[in-house]
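Hi,

Here is the structure I promised to pass on.

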Amino acid sequence: MKHYDYILVGGGLFNGVIAREARKQGKTCLVVEKREALGGNIMCRDVEGIMVHEYGAHIFHTSNEEVWEYVTSLVEFNHYINSPVANYHGETYNLPFNMNTFSKMWGIAFPSEAKKIIESQRQAVEGEPENLEEQAISLVGTDIYQKLIKGYTEKQWGRDCRDLPASIIKRIPVRYIYDNNYFNDPHQGIPKKGYNELISKLYEGCDVMLSTDFLEKREELSRLGDQVIYTGTIDSYYGYRFGKLSYRSLKFEHQVLEEENHQGVAVMNYTDRETPYTRKIEHKHFAFGTQKNTVVTEEYPVEWDDGMEPYYPVNDEKNNQLFQKYRDLADQEEKVLFGGRLGEYKYYDMDKVIESALCFAKDRLNL
Ligand code: FDA
């Protein structure tokens, strides 16, 4: 049986960068992925020529020149700029909160007018905000809170805003300029041929074992390599011996529609409480598609349970303490190293995952 320098558990972006750095040094890698395809959460599925973001909308954005250089040396990016729209009972507003939003909401034209309205509405909270509702009103006033924050946040967390801690929202970015670009980073876009091309380039030259759960064959698979880089959930690696870490999960409902253009924008946030989903994604707009049909995805936040995809770690005190116990065990391992969003129990944007994997390759693997 072939012996490898690295057994890469999980075929997502983190291990993709490790694979590329390893291959550049002539090292051999075996990738073990439990899903049917590589890519982790950035994997796309081609439906009628439209790249569908199977595990949620993924928009690449970064301020890190090294990361931008890294990805653009592998694939070409388009000039997509994320400018989501909020839909509140059929009324639409531009996001993030900016002069276009305020002008539509209050029929005003100038920043001084918007500032005055927001300031007068913020007064509704006296003293220290005691919950998320009070915190949001103290930051942006009642109208924006009621129409654009309340329903969306309650669906996201499955709880009333008055029962959520104020600490969830530290600040709410408000722009007193006419600018719908969601991100502040200088670089933004989507790979022209979709994320799968990026993944293929990153894993070029590796042997791949799909539909294989490493944990079910860990002894046998570990023996095949000198070092294991594990990017699955850290608590599952240790058989949940201290208990399970919590996540928020999502349910996606994809639909092909026989119309060319359904909502006129890639991302529409449904901010009322009554619409059961939080967002609707129309994938072709990520790539300026002109196909005859369109594909839309409704996104429903759900409580995570066994067998569901763990999307967002719940980094509260209890879970962070639990994670630390697993981290202490992981620190004693020699052959197995943990990385990526699941191994580190941390939400990472794609650019940050690449940054972290590049550091990991250099500092921990001497690549
Ligand atoms: P990732 O989860 O992608 O890969 C881990 C892989 O390990 C998975 O393929 C999994 O199947 C596999 N695995 C786990 N256990 C295993 C086992 N026991 N055996 C074998 N395989 C195993 N970022 C951004 O910059 N812009 C954006 O717009 C978004 N949007 C976004 C939306 C949603 C809904 C989420 C949840 C996340 C984002 N992100 C994002 C973040 C982005 O998805 C993230 O940075 C990367 O996918 C993380 O890559 P990893 O390799 O760390 O994990």
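This is a predicted model: local features need pLDDT of at least 70, side-chain atom pairs count only at pLDDT 80 or more; totals for chains, interfaces and linings use all residues.

On the α3 side, Met99, Phe102 and Trp106 touch Pro111, Ala114, Ile117, Ile118 and Gln121 of α4. Sorted by class, that contact between α3 and α4 has seven nonpolar residues, one polar and no charged ones. As for geometry, α3 covers residues 99–106 and α4 residues 111–122, and their axes come within 10 Å, crossing at roughly 70°. Angles of 65 to 115 degrees count as roughly perpendicular, so that is how α3 and α4 sit relative to each other.

Next pair: α5 (residues 132–140) and α6 (residues 142–157). Their axes are 9 Å apart and the packing angle is about 140°, so α5 and α6 are oblique to each other. The crossing of α5 and α6 is right-handed. From α5, Leu132, Glu133, Ala136, Ile137 and Val140 take part, while α6 brings in Thr142, Ile144, Tyr145, Ile149, Lys150 and Thr153. That makes seven nonpolar, two polar and two charged residues in the contact of α5 with α6.

Some polar distances to look at:

- a ligand oxygen to an N or O atom in the His58 side chain: 2.7 Å
- a ligand oxygen to a polar backbone atom of Phe14: 3.0 Å
- a ligand nitrogen to an N or O atom in the Asp349 side chain: 3.1 Å

Cheers

Methods
Residues are numbered from 1 along each chain as its sequence is written. Side-chain values use heavy atoms; hydrogens and water are left out. Axes are lines fitted to C-alpha atoms, for helices over the stretch in contact, and angles run from 0 to 180 degrees between N-to-C directions. Helices (H or I, at least four residues) and strands (E, at least two) are DSSP runs, numbered from the N terminus. Angles under 35 degrees count as roughly parallel, over 145 as roughly antiparallel, 65 to 115 as roughly perpendicular and the rest as oblique. A crossing is left-handed if the near helix is turned anticlockwise from the far one by less than a right angle, and right-handed if clockwise. Contact means heavy atoms within 4.5 Å. Ala, Val, Leu, Ile, Met, Phe, Trp, Tyr, Cys and Pro count as nonpolar, Asp, Glu, Lys and Arg as charged, and the others, Gly among them, as polar. A polar contact is a pair of N or O atoms within 3.5 Å; within protein, one must be able to donate a hydrogen and the other to accept it, and residues adjacent in sequence count only if both atoms are side-chain atoms.
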